[in-house]
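I opened my notebook to look through one structure.

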Amino acid sequence: MADTLLVDVEKRFPGGPTVRATLEQRATPGRVTVLFGPSGAGKTTVLRCLAGLDRPERGRILFHGEPWYDGEARVFLPPQQRRVGFLFQDYALFPHLTAEQNVQYGLAHLPATERRERSRALFSLLHLEGMEGRKPRELSGGQQQRVALARALAIRPRLLLLDEPLSALDAPSREQLRGELRRQLRELGVPTVVVTHDRLEALALGDDLVAMDGGRVCQVGPVADVFNHPAELAVARMTGIETVLPGTVLRREAGLATVSVGPHQLLALEPPSGVDVVFVCIRAEDVTLSAPESAPTSARNRLPCTVQSLSPEGALVRVVLDAGFPLVARVTRVSSEEFGLAEGRPITASIKAPSVRLVPHPG
Ligand code: ADP
Ligand code: MG
């Protein structure tokens with residue numbers, strides 16, 4: 001209770017969807033919770049309710065035991081009283097103010113020396129020295145992002161809320177800043193909630209993951225747990241598992257399950273008892289390719305396939321295979337050339353049993 005963020009809210013948009021979120025997260029210094037899910041999932045709505053920018057229709061929000069919102073008791077703290085730092089998706093910097101004025105914007109109640117002191121410390125922490133006098137249009141995307149972060153931090157927030165903090169950047173800066181932002185968040189020592197629809201951002205930034213879809217929370221847990229053990233199909237899809245096939249558990253033995261998928265039987269880690277109708281989820285990165293075998297068998301998850309299509313993705317190639325069912329693999333360009341991969345060519349695809357993930361079929 002003392003160090004948790006408890007959220008149980010329902011936000012209705014008249015004539016639109018309803019967003020429901022229930023979660024209880026530790027909110028300790030430097031800990032990052034990621035709200036993750038596709039566009040329209042309800043992530044920003046939850047963040048705005050946390051900030052006090054939106055008012056839910058019912059429920060409550062408790063931060064470190066303090067009620068920020070309580071529908072029944074009619075408690076609704078405005079953003080200033082919650083003391084949250086909010087970083088908007090497009091940064092929302094004031095274009096006519098300098099970087100320094102932007103950062104000091106929320107500090108009008110403080111004496112000038114204190115304001116200067118705080119912004120100087122943040123410019124140094126976020127490697128922005130020398131940028132103080134620049135207008136937002138004179139800053140790169142990454143610098144604007146750090147100025148916006150500095151502005152969110154200037155009020156010494158108790159909770160930091162970041163909405164898609166890197167989405168306004170081009171791909172190379174995004175990649176570079178991912179790691180840097182993670183380091184900064186750790187150093188700042190403020191509990192943080194980050195919204196993202198980007199898998200890599202979620203993996204790079206989060207301690208805990210709250211997976212959302214269609215206005216509801218699907219799964220909550222440590223980031224790697226959710227990615228490796230999606231509890232339902234919607235989560236498997238959003239964590240980037242590219243092959244999702246219906247299957248049936250035929251046998252269970254020694255912690256392994258034999259699952260029938262299309263014309264094949266695959267070995268997988270055993271799902272919970274009672275779960276027999278499943279989605280078989282395979283990540284493209286977990287499919288390895290080798291030369292076609294003279295006597296093809298599907299033993300130990302080795303599947304005779306033909307190559308259906310190839311699409312380059314930078315240094316990688318996405319390969320759609322026909323294994324009696326569609327199977328997606330991703331290999332390096334070098335190994336694609338080594339195997340002479342081409343449409344119509346035979347090839348063997350292998351998948352280790354732990355990489356065949358079984359998710360309960362909701363049907
Ligand atoms: P996300 O941030 O996950 O993309 P949002 O929280 O922005 O999702 O939106 C969740 C759903 O609520 C979407 O269907 C969106 O269209 C709807 N929505 C968001 N804000 C409003 C609003 N002010 N009025 C009506 N519908 C809204
Ligand atoms: Mg959003």
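**Cores.** I looked up the largest nonpolar core in this predicted model. I found 43 residues in it, and Leu 153, Leu 160, Leu 185 and Leu 209 touch the most other members. Helix H5, residues 141-154, gives the most to this core, with 7 residues. I noted a second, separate core of 30 residues, with Val 278, Val 317, Val 319 and Leu 341 among them. In soluble globular proteins, nonpolar side chains tend to be buried together.

I then picked Leu 209 and listed its contacts, leaving out residues up to four places away in sequence. Among them are Val 34, Phe 36, Ala 202, Val 223 and Phe 227.

**Leu 321.** Is Leu 321 buried or exposed? Its relative accessible area is 0%, so I wrote down buried. Leu 321 sits in strand S18, residues 316-322. Beyond its neighbours within four places in sequence, Leu 321 is in contact with residues including Val 287, Leu 289, Cys 305, Ile 347 and Ala 349.

**Domains.** I took the bounds from the domain assignment: domain 1 is 4-234 and domain 2 is 241-360. The contact takes 7 residues from domain 1 and 8 residues from domain 2. Their C-alpha centres lie 38 Å apart. How much area is buried between domain 1 and domain 2? I read about 620 Å², with carbon and sulfur atoms giving 57%. On the domain 1 side, Asn 228, Pro 230 and Leu 233 lose the most area, together 61% of what that side buries. I found 1 residue pair in polar contact across the interface.

**Salt bridges.** A search of the whole structure gave me 21 salt bridges. I looked at three of them.

- Arg 20 pairs with Glu 10, the closest N and O atoms being 3.3 Å apart. Arg 20 is in strand S2 and Glu 10 in strand S1. Arg 20 is partly exposed at 47% relative accessibility, whereas Glu 10 is buried at 10%.
- Arg 158 pairs with Glu 66, with closest N and O atoms 3.1 Å apart.
- Arg 330 pairs with Glu 242, with closest N and O atoms 2.7 Å apart. Arg 330 lies in strand S19 and Glu 242 in the loop between helix H9 and strand S12, so the pair ties together parts 88 residues apart in sequence. Arg 330 is buried, at 14% relative accessible area, but Glu 242 is partly exposed, at 25%.

My last note is on shared partners. Salt bridges join Asp 8, Glu 10, Arg 12, Arg 20 and Arg 58 into one network.

Key: Residues numbered from 1 in each chain as written. Chains lettered and ligands numbered in written order. Predicted model: local features only at pLDDT ≥ 70, side-chain atom pairs only at ≥ 80, totals over all residues. Heavy atoms only, no water. Core = buried A, V, L, I, M, F, W, Y, C linked by side-chain atoms within 4.5 Å. Buried < 20%, exposed > 50% of the residue type's maximum accessible area, 1.4 Å probe, protein only. Helix = DSSP H or I, 4+ residues; strand = E, 2+ residues; numbered from the N terminus. Contact = heavy atoms within 4.5 Å. Domains from an automatic or database assignment. Buried area = accessible area lost by both parts, 1.4 Å probe. Polar contact = N/O pair within 3.5 Å; in protein donor to acceptor, adjacent residues only side chain to side chain. Salt bridge = Lys/Arg side-chain N within 4 Å of Asp/Glu carboxyl O.
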